[in-house]
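Here are some notes on the side-chain packing of the structure shown below. Please read them alongside the sequence.

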Amino acid sequence: MAKVYFGMIVSLDGFVNDRDGKIGTLYESYKPHAATQKADENTGAVVMGRNSFEMAEDTDGYADHYEFQVPLFVLTHNPPVKHPKENDKLTITFITEGIEEAIRQAKIAANGKDVLVLGANVCQQLLRANLADELQIAFAPVLLGKGVRFFEHLEEHEIYLVKSRVIETDKQVEVWYKVLQQK
């Protein structure tokens with residue numbers, strides 16, 4: 001069954017980037033494995049925020065180099081004037097109507113496959129809207145001290161999870177959770 005899930009690599013102290021907004025340190029210990037490759041293969045659409053989208057040096061590069069060659073939905077208040085390059089598999093849609101609309105359109109585009117959500121702020125919106133089925137967190141062996149916290153702005157919510165799997169690589173531990181309910 002298709003699901004909406006989000007995944008991030010975080011520092012042990014809960015940051016998704018460092019004090020300069022960079023993510024490189026977190027990915028130094030990342031090593032792809034069979035479970036993430038399988039999840040990647042079953043991804044039919046990606047939803048992300050504008051900040052995550054613009055982390056690419058050249059947004060036209062998504063059409064040529066992005067690991068997910070599937071429809072891409074970018075949440076933003078202000079779509080760019082110049083539309084980025086697309087190809088026959090990767091289309092880019094800018095959504096201004098909110099997370100619910102982004103997920104609705106992504107599910108249609110995914111055509112029975114999973115929808116992957118990326119970016120701390122967008123994942124927080126997903127949780128607040130109670131639209132997440134699963135979450136995946138890979139813990140990088142570093143304490144960053146400052147940066148953007150992954151689970152910021154959720155003070156008004158109690159979200160219950162159940163662990164579905166744990167994967168250990170040489171340097172990281174990755175935990176997958178099913179989202180049960182929210183109060």
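1. Contact here means heavy atoms within 4.5 Å. Leaving aside residues up to four places away in sequence, Leu126 touches Val4, Phe6, Ile99, Ile103, Val117, Leu131 and Ala132.

2. The model is predicted, so local features need pLDDT of at least 70 and side-chain atom pairs count only at pLDDT 80 or more, while totals for chains, interfaces and linings use all residues. Residues are numbered from 1 along each chain as its sequence is written, and side-chain values use heavy atoms, with hydrogens and water left out.

3. A nonpolar core is a set of buried Ala, Val, Leu, Ile, Met, Phe, Trp, Tyr and Cys residues joined through side-chain atoms within 4.5 Å; buried means under 20% relative accessible area, exposed over 50%, and partly exposed in between (1.4 Å probe, protein chains only). The largest such core has 28 residues, and Leu126 and Phe150 are among those with the most contacts inside it. Another core, of 19 residues, lies apart from it and includes Val46, Tyr62, Ile92 and Phe94.

4. Rings of Phe, Tyr and Trp (its six-membered ring) pair if their centres lie within 6.5 Å; planes under 30 degrees apart count as stacked, over 60 as edge-to-face and the rest as tilted. The whole structure has eight aromatic pairs. In one of them, Phe150 and Phe151 are tilted, 4.3 Å centre to centre with 45° between the planes. Phe150 is buried, at 2% relative accessible area, whereas Phe151 is partly exposed, at 41%.

5. One aromatic cluster is formed by Phe53, Tyr62, Tyr66, Phe68 and Phe94.
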